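Thanks, everyone. I have a few minutes on one structure, so let me put it up.

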Amino acid sequence: MLKSRHASTALAVTTSLGAVLATAGLTAPVASAAPKVTIVWEAGAITHTTLRKTLISMFEKQHPNITVKLVNEAPSTDTTRAQLTTQIGSGATTPDVYLGDVIWPAQFGHNQLAVPISKELPKSFFSRFAPGLVAGASYQGQVYAAPFFVDSAFLYYRKDLLKKAHLPIPKTWAQVESESKILQKKHLVRYGFVWQGNSYEGLTCDFMEYLADAGGKVFNANGSIAINSPQTAKALTTMKNFITTGVTPKSVTGFEEAESMNAFAAGQSAFLRNWSYAWTVSNDKSQSKVAGNVGVVRLPSYSANQPGYSCIGGWDLYVNPHTKHMQQDLQFIEFMTSPKAQTILAEKYNEIPTNASVQRNPEVKKISPIMALASKIHFVSRPSNSPQYAAVSQAIYANVNQVLAGGESIPAALKKMQQQIQSANNGGL
């Protein structure tokens, strides 16, 4: 249906954008004689109230015949998802472009709430994105969203404590455990390592990093469920061991981002797994007792020779299948992911760009240690390639939490996860 509706437009846009991408990397301004068109972009506040207006103004100057009308999304992501599902599902032609969570591609693609933009744009367009991001925006071989800005997890550490104990920055999970024990034994810190272990979505993110490091997957390439595996057992064993050895407090089973951040900022822990915002918080003297003594690196792995994986967070740009302005929508997305816009995103608003060339830009790397690490991140997406992702995630985090809390053995949890994910894919948890 989508292909027949937009076939001629898609061909024209693919040709024009393909030519442009092969040259300057930015779409050319629309000729002054072209008809005026208004497209609607529905987007959340995105951290900075002026970010959206700044980029819209830049785009409109480059495309004087296209006006972008900004519509605010609901403050809650779940509310936004529900509203868009109802609105687009009923056939509404607006919003033309909308900002959505990185976990939506399968759900929105499966329910025909988003355009498979890989059918509308040349393959070369997607090479601009950092490795792993396009895969995270894909469903059944098609790309349903353009990564706009990304967030990810890092390992934060106490520079002063490592220096005092003559310890190196850990590169492996085993080192995190062993160095934590040394620091605790020397009574330099109460806890070794804090993270997110509560029964909620954040635990799925933590778990996926260990699982990817261990070489495991939730789904195989053919879509079959692969969670009940030795690799998953290895990941769960590592997470559980942090607790049983005392490196991580038992209370971590109730920790979310705020609790783990607070423990680290209060000087109670040597290491912290958290998202990019933690760099600012931990080095803010008004919020952190350890400001000035914090370092940040990529997450560890099981091997010092292999970088650890970090879960993909952030927001993507989606196109409404019922839009009447496909060409203009694609021009808007092309601009928003271009080096020009993405550099503004990084330099003025401190959001991690998705454009690989911007991530590698020496000037962007100077902004902060987080930006300096961005191009080196080894991304892994959550198992959101299932239209039933919410139920799949619940099957994961509920069972992982049970293992961490001592209420379930690893073999029993693996069996339950396999069964519950299968049930979720069949329509009910």
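First, the ground rules. This is a predicted model, where local features need pLDDT of at least 70 and side-chain atom pairs count only at pLDDT 80 or more, while totals for chains, interfaces and linings use all residues. Residues are numbered from 1 along each chain as its sequence is written, and side-chain values use heavy atoms, with hydrogens and water left out.

Aromatics, then. Rings of Phe, Tyr and Trp (its six-membered ring) pair if their centres lie within 6.5 Å; planes under 30 degrees apart are stacked, over 60 edge-to-face, and the rest tilted. That rule gives 19 aromatic pairs. Take Tyr 98 and Tyr 318: they are stacked, 5.3 Å centre to centre, with 5 degrees between the planes. Tyr 98 is in strand S3 (residues 97-101) and Tyr 318 in strand S12 (residues 313-319), so this pair ties together parts 220 residues apart in sequence. Helices (H or I, at least four residues) and strands (E, at least two) are DSSP runs, numbered from the N terminus. Both tyrosines, Tyr 98 and Tyr 318, are buried. Buried means under 20% relative accessible area, exposed over 50%, partly exposed in between, with a 1.4 Å probe and protein chains only.

Next pair. Trp 173 and Phe 193 are tilted, at 6.1 Å centre to centre and 35 degrees between the planes. Trp 173 belongs to helix H7 (residues 173-185) and Phe 193 to strand S8 (residues 191-194), so the pair joins parts 20 residues apart in sequence. Trp 173 and Phe 193 are buried too. Ring pairs also build a cluster: Trp 41, Phe 59, Phe 148, Phe 149, Phe 332 and Phe 335.

Now the core. A nonpolar core is a set of buried Ala, Val, Leu, Ile, Met, Phe, Trp, Tyr and Cys residues joined through side-chain atoms within 4.5 Å. The largest one has 129 residues, and those with the most contacts inside it are Trp 41, Phe 148, Tyr 156, Phe 193 and Phe 207. Which helix gives this core its largest share? Helix H17 (residues 389-405), with nine residues.

Phe 207 takes us to helix H8, where it is among the buried residues. Contact means heavy atoms within 4.5 Å. Setting aside neighbours within four places in sequence, Phe 207 touches Ile 227, Thr 232, Ala 235, Leu 236, Met 239, Ile 396 and Val 400. In H8, 12 of the 13 residues are buried, so the helix is largely enclosed by the rest of the structure. Gly 215 follows H8, with a positive phi near 90 degrees.

Asp 329 sits in helix H12 (residues 326-336). Is Asp 329 buried or exposed? Buried, with a relative accessible area of 0%. Its side chain makes a polar contact with the side chain of Thr 323, at 2.7 Å. For a polar contact, a pair of N or O atoms lies within 3.5 Å; within protein, one must be able to donate a hydrogen and the other to accept it, and residues adjacent in sequence count only if both atoms are side-chain atoms.

Ala 304 is in the loop between strand S10 (294-297) and strand S11 (309-311). Ala 304 is partly exposed, at 48% relative accessible area. Ala 304 and Lys 171 are 133 residues apart in sequence, yet 5.4 Å apart in space, C-alpha to C-alpha. Beyond neighbours within four places in sequence, Ala 304 contacts Lys 171 and Thr 172.
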